[in-house]
Amino acid sequence: MPDFSRRSDGVEIMDDLEYAGPLMVQTLYELEIINRWLGGNAVTIGALGKILENHNETSPITIADLGCGRGDMLLLIDTWARKKNRKVRLIGIDANPYIISVAKANLKGLPNIEFQSVNIFSPEFESQKFDVVIGTLFYHHFTAEQLVSFFSTLRKQVTMGVVINDIHRHPLAFYSIKLLTRLFSKSSMVKFDAPLSVLRAFRKQELREILLKAGITDLSIRWRWAFRWQVVGKFL
């Protein structure tokens with residue numbers, strides 16, 4: 001039986017930043033379906049709304065989506081912003097250049113959405129400025145030490161805040177996604193990575209400690225279905 005008392009240090013196939021090909025395309029497609037049907041998209045959009053609820057400026061808001069995949073979340077944010085009459089500049093970021101090429105093909109023709117293949121720990125990323133940074137099923141790929149360092153640096157780059165939408169490490173989440181992917185997934189990567197993602201994921205206190213160590217004190221952490229943490233960290 002897996003040990004749910006602490007985060008796993010297992011390595012997912014997705015962690016290979018040079019992985020490319022049809023299996024990756026199928027995996028990204030299935031992750032979008034999982035996010036949509038298990039309510040994950042709403043977690044991110046709801047958190048973004050909380051950060052921007054008191055923002056009335058007419059200038060465009062720059063939002064970076066880390067680990068952007070095919071760009072599906074960016075498309076949702078673009079649609080949401082149009083309905084709210086908000087001007088946004090959207091940047092999809094992923095360290096895997098093949099994933100960025102898939103995202104560009106998936107969202108071509110949208111002028112306010114751009115993509116970058118850049119590592120979040122690189123000087124190239126750290127030199128950039130954003131208003132909001134979001135990450136959906138992204139941060140569990142890193143150790144607590146890496147995340148403390150990352151968020152400490154990010155505080156100097158971001159004007160408004162961060163959104164974290166990630167997994168609650170729980171036995172029911174693990175066995176449920178293991179069964180669902182075994183029954184419905186056509187991707188061997190999804191079948192391997194999805195259960196491991198749960199084992200690498202967070203308990204509430206672990207997220208809180210990471211952010212507090214990074215100096216982010218104005219934060220809320222809420223549980224959302226299905227086994228997601230919705231984290232809103234506002235920068236003062």
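Guide: The structure holds 15 aromatic pairs. The model is a predicted one.

Visitor: What makes the pair of Tyr-139 and Phe-150 tilted?

Guide: A pair of aromatic rings is described by the distance of the centres and the angle of the planes. For Tyr-139 and Phe-150 the centres are 6.2 Å apart, and rings pair if their centres lie within 6.5 Å. Their planes stand at 45°. Stacked needs under 30 degrees and edge-to-face over 60, so the rest count as tilted, and therefore this pair is tilted.

Visitor: Which parts of the chain does the pair link?

Guide: Distant ones: Tyr-139 sits in the loop between strand S4 (130-136) and helix H6 (144-154), while Phe-150 belongs to helix H6, eleven residues apart.

Visitor: How do you know whether Tyr-139 and Phe-150 are buried or exposed?

Guide: Buried means under 20% relative accessible area. Tyr-139 has 1% and Phe-150 has 3%, so Tyr-139 counts as buried and Phe-150 does too.

Visitor: Why is the pair of Phe-150 and Phe-151 called edge-to-face?

Guide: The angle between their planes is 65°, and planes over 60 degrees apart count as edge-to-face. The distance is 5.3 Å centre to centre. Phe-151 is buried, as is Phe-150. One aromatic cluster takes in Phe-150 and Phe-151 along with Phe-121, Phe-125, Phe-130, Phe-138, Tyr-139 and Phe-142.

Visitor: What makes Phe-184 exposed or buried?

Guide: Phe-184 has a relative accessible area of 63%. Exposed means over 50%, so Phe-184 is exposed. Phe-184 is found in helix H7 (residues 171-184). With Leu-179, Leu-180 and Leu-183, Phe-184 makes a nonpolar surface patch of about 430 Å².

Visitor: Why is strand S7 described as largely enclosed?

Guide: Strand S7 covers residues 228-234, and six of its seven residues are buried, so the rest of the structure largely encloses S7.

Visitor: How do you know that S7 pairs with strands S5 and S6?

Guide: Two strands pair if at least two bridges are found between them. Seven bridges join S7 to strand S5 (residues 158-167), and the two run antiparallel. Strand S6 (residues 218-224) and S7 also have seven bridges, again in the antiparallel sense. Val-162 stands opposite Gly-233 in S7, and Arg-222 stands opposite Gln-230 in S7. The hairpin of S6 and S7 has three residues between the strands, and Phe-227 there takes a positive phi near 55°.

How values were computed:
Residues numbered from 1 in each chain as written. Predicted model: local features only at pLDDT ≥ 70, side-chain atom pairs only at ≥ 80, totals over all residues. Heavy atoms only, no water. Patch = residues over 30% accessible without salt bridge, like charges linked within 9 Å, V, L, I, M, F, W, Y side chains within 5 Å. Areas by Shrake-Rupley, 256 points an atom, 1.4 Å probe, with all protein chains shown as cover. Salt bridge = Lys/Arg side-chain N within 4 Å of Asp/Glu carboxyl O. Helix = DSSP H or I, 4+ residues; strand = E, 2+ residues; numbered from the N terminus. Buried < 20%, exposed > 50% of the residue type's maximum accessible area, 1.4 Å probe, protein only. Phe/Tyr/Trp six-rings, centres within 6.5 Å; stacked < 30°, edge-to-face > 60°.
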